[in-house]
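Please look over the sequence and the model shown here before reading on. The report below goes through aromatic rings, a pocket and a loop in turn.

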Amino acid sequence: MDWDLIESQFRHLMRVAISVREGAISSSTLLKRLRSGSRKNATYTAFREVGRAIRTVQLLRYLSDAPLRRRVTAATNKVEAFNGFSQWLGFGNRGVLADNDPVEQEKAMKFNALLTNAVIFHNALDIAEIVRQLLEEGWTIEPEDLAHISPYLTEHINRFGEYSTHELGMQPEAYDPKLDVDFSPLREQDPTDAGFGQAA
């Protein structure tokens, strides 16, 4: 890393950072300006060196901090599980965006995200209803049990659909978010330390 370059450009780096923070310039506009003639732009090169320093510090923290690695792994597993679930739902044309129009591409991605979130919400409602039934039957439901349940369930989904019109006028029941389960033990500890960070 070129520390001398960072030191010589420090005042420019701070000026740019403050401009972005105060909203005087957008980050996208800044990137466009820095990219133009970037090889000759000392500020751009200094930012690249600062980025290398930050990345090195983060990698060293990651390697030396086991709890941090567990948190990062848990978050990565959740993101990968969501992406896999979203890709499974967007099975048409194997998820390939066949249109070159950016507007149509954005629509396809947003529609897939909307569908994914709707199915996740439906799965969460089904899981909550089953938990309520088990509680009524006298079962004891621990928060640790629910911590291992994933809403990315696919076995009950017919992707090709069943088409009927007689249910169009039906009104769904009101959504009840309350579950009679005490989640305070989970809030008092790091979920990854207890083994709840693993993806289902």
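## Aromatic pairs

A search of the whole structure finds three aromatic pairs, where rings of Phe, Tyr and Trp (its six-membered ring) pair if their centres lie within 6.5 Å, and where planes under 30 degrees apart count as stacked, over 60 as edge-to-face and the rest as tilted. One of them is formed by Phe85 and Tyr152, a tilted pair with 5.5 Å from centre to centre and 35 degrees between the planes. Phe85 lies in helix H5 and Tyr152 in the loop between helix H7 (143–147) and helix H8 (184–187), so this pair ties together parts that are 67 residues apart in sequence. Helices here are DSSP runs of H or I with at least four residues, numbered from the N terminus.

Phe85 counts as buried at 3% relative accessibility, whereas Tyr152 is partly exposed with a relative accessible area of 25%. In these terms, buried means under 20% relative accessible area, exposed over 50%, and partly exposed in between, with a 1.4 Å probe and protein chains only. Ring pairs also link Phe82, Phe85 and Tyr152 into a cluster.

## How the model is read

This is a predicted model, in which local features need pLDDT of at least 70 and side-chain atom pairs count only at pLDDT 80 or more, while totals for chains, interfaces and linings use all residues. Residues are numbered from 1 along each chain as its sequence is written, and side-chain values use heavy atoms, with hydrogens and water left out.

## The second largest pocket

The second largest pocket has a volume of about 460 Å³, a volume being the space filled by probe spheres set on grid points that are joined across faces, edges and corners. On a 1 Å grid over the protein atoms alone, a pocket is an open set of points where a 1.4 Å probe fits, with protein on both sides within 12 Å along at least five of seven lines, and lining residues have an atom within 4 Å of a point. Helix H6 gives the most to this lining, with five residues, and the residues that line the pocket include Leu89, Phe91, His122, Asn123 and Arg159.

Asn123, in helix H6, counts as buried at 2% relative accessibility. Leaving aside neighbours within four places in sequence, Asn123 is in contact (heavy atoms within 4.5 Å) with Phe85, Pro151, Tyr152, Leu153 and His156.

## An exposed loop residue

Ala98 is placed in the loop between helix H5 (66–89) and helix H6 (102–136), and Ala98 is exposed, with a relative accessible area of 64%.

How values were computed
Helix = DSSP H or I, 4+ residues; strand = E, 2+ residues; numbered from the N terminus.
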